[in-house]
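Biologist: I would like to learn how to read a model like this one. Could you take me through it feature by feature?

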There are 4 protein chains.
Amino acid sequence: MSAEDPLIELRDRLRHFAAERDWDQFHSPKNLAMALSVEVAELVEHFQWLSEDASLSLPADKLLEVGEEAADVLVYLIRLADKLGIDLAAAARAKIAVNALKYPVEKSRGSIRKYTEL
Amino acid sequence: MSAEDPLIELRDRLRHFAAERDWDQFHSPKNLAMALSVEVAELVEHFQWLSEDASLSLPADKLLEVGEEAADVLVYLIRLADKLGIDLAAAARAKIAVNALKYPVEKSRGSIRKYTEL
Amino acid sequence: MSAEDPLIELRDRLRHFAAERDWDQFHSPKNLAMALSVEVAELVEHFQWLSEDASLSLPADKLLEVGEEAADVLVYLIRLADKLGIDLAAAARAKIAVNALKYPVEKSRGSIRKYTEL
Amino acid sequence: MSAEDPLIELRDRLRHFAAERDWDQFHSPKNLAMALSVEVAELVEHFQWLSEDASLSLPADKLLEVGEEAADVLVYLIRLADKLGIDLAAAARAKIAVNALKYPVEKSRGSIRKYTEL
């Protein structure tokens with residue numbers, strides 16, 4: 001498995017998982033987007049009362065839980081992209097290239113301003 | 001680039017992107033979790049008034065926009081996992097294995113019930 | 001209590017609740033916004049796999065649970081507004097007036113288009 | 001208008017607003033829950049890169065924008081509750097009473113722990 005692209009590998013595992021359970025009927029992009037937002041919130045919940053510093057040094061048990069939530073987010077994101085025929089890696093590469101144009105190094109260094117306000 | 005794991009490749013690109021702009025100071029897991037939730041909502045927004053059927057057959061321009069939002073979600077998810085030292089692909093594989101135990105094929109076929117209610 | 005504005009009454013109850021528990025230290029607007037998003041996701045979770053029709057006719061036990069999540073959303077929204085000095089009712093009245101300008105009856109009747117696309 | 005309950009007043013205004021535009025067809029609880037999550041994210045976006053301290057002292061223009069987003073959240077929450085027949089104020093009062101049992105003052109003072117961990 002080591003030579004394989006994990007986004008493809010996971011996509012195929014998830015297709016199989018859903019097919020076996022006859023879950024494709026529930027996996028409309030609309031529903032998957034909702035499920036994705038719910039999983040992200042379960043991740044956010046771990047951080048809501050923590051300081052930023054504390055969020056950087058989670059105890060091991062919390063880190064494991066956060067890892068599971070992050071995994072759920074990836075799972076639904078891959079599933080949603082699959083249903084829509086989106087190539088996630090290519091889309092992310094394109095987005096990073098666009099962001100490099102929106103946020104030139106000189107203008108955005110050390111700043112949280114949106115590109116519309118630079 | 002074709003032989004490379006895209007999750008590693010994107011992680012490295014994003015590290016470089018943030019380092020060049022001195023943005024690591026803003027990228028606490030707490031803040032990245034918030035940003036992730038905002039990007040997911042921008043994805044959800046495209047589907048909020050659509051029927052499930054319509055969400056399956058987006059017009060080309062909408063599909064492109066949805067792809068950009070999905071890319072943003074992946075970007076922040078990778079960045080968050082990197083800051084926490086989480087191996088996303090391994091975590092997703094583990095989660096799928098756990099879900100296979102929670103949702104046995106026979107009991108969960110064609111059902112939306114949570115495993116706690118099977 | 002019947003003559004009182006419930007948004008004021010609830011605001012005061014929540015102030016008292018937090019003060020008694022010394023929770024104001026955690027209730028920064030940043031944290032409350034996160035908590036609000038988590039509560040909304042718990043509400044969304046109830047609807048993620050339901051058809052729109054099914055979402056209109058929840059069984060009594062589900063409706064009770066949804067009511068509890070809706071209450072949590074209101075609670076954190078009131079708390080956030082209080083911390084920022086926002087008059088929620090006045091802000092909502094103003095927003096409805098703005099929306100009436102953005103969405104003239106003739107142009108928006110039966111349409112889901114955003115005002116920027118009317 | 002001053003003697004009226006704002007939650008009832010706003011509910012009625014929003015009913016009228018939707019009826020005039022023939023929007024009830026889009027306002028299933030499923031869709032309204034999605035819209036609610038999108039509005040909350042627009043609120044979260046204002047805080048994602050701010051420190052907790054900075055979130056407590058927003059400049060006037062940001063505060064106005066946050067107020068508009070908070071208003072949108074209230075609007076969709078009221079609309080969702082209306083569609084489901086939920087009395088928001090009563091549900092919030094009940095939830096506060098339950099929370100007082102879950103979080104006894106002595107045990108929860110100064111603590112962010114969930115009641116399941118007290």
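Modeller: Gladly! Helices (H or I, at least four residues) and strands (E, at least two) are DSSP runs, numbered from the N terminus. Read that way, chain A runs α-α-α-α-α-α along its sequence, with six helices and zero strands. Keep in mind that this is a predicted model, where local features need pLDDT of at least 70, side-chain atom pairs count only at pLDDT 80 or more, and totals for chains, interfaces and linings use all residues. Residues are numbered from 1 along each chain as its sequence is written, while chains are lettered from A and ligands numbered from 1 in the order in which they are written.

Biologist: What radius of gyration does chain A have?

Modeller: The radius is taken over C-alpha atoms, and the globule rule is 2.2 Å times the number of residues to the power 0.38. A compact globule of 118 residues would come out near 13 Å, but chain A has 18 Å. Its C-alpha trace spans about 50 × 35 × 35 Å along the principal axes.

Biologist: How are chains C and D related?

Modeller: In general, two copies of a chain are related by a rotation about an axis and a shift along it. The superposition is by least squares on the C-alpha atoms of residues with pLDDT of at least 70 in both. Here a rotation of 180° with 0.0 Å of shift along its axis places chain C on chain D, at an RMSD of 0.0 Å. The two copies are thus related as by a two-fold rotation axis. In chain C, the C-alpha nearest that axis belongs to C:Asp5, 2.7 Å away.

Biologist: How many residues of chain C are in contact with chain D?

Modeller: Contact means that the C-beta atoms of two residues, placed from the backbone, lie within 7 Å. By that test, 56 residues of chain C meet 56 residues of chain D. H4(C) gives the most to the chain C side, with 14 residues. That side has 38 nonpolar, seven polar and 11 charged residues; Ala, Val, Leu, Ile, Met, Phe, Trp, Tyr, Cys and Pro count as nonpolar, Asp, Glu, Lys and Arg as charged, and the others, Gly among them, as polar.

Biologist: How much of chain A is buried?

Modeller: A residue is buried if 20 or more other C-beta atoms, placed from the backbone, lie within 10 Å of its own. Of the 118 residues of chain A, 42% qualify.

Biologist: And which contacts does D:Ala70 make?

Modeller: Leaving aside neighbours within four places in sequence, D:Ala70 is in contact with residues including C:Leu77, C:Ile86 and D:Leu43.

Methods: Buried ≥ 20, exposed ≤ 12 C-beta atoms within 10 Å, placed from the backbone.
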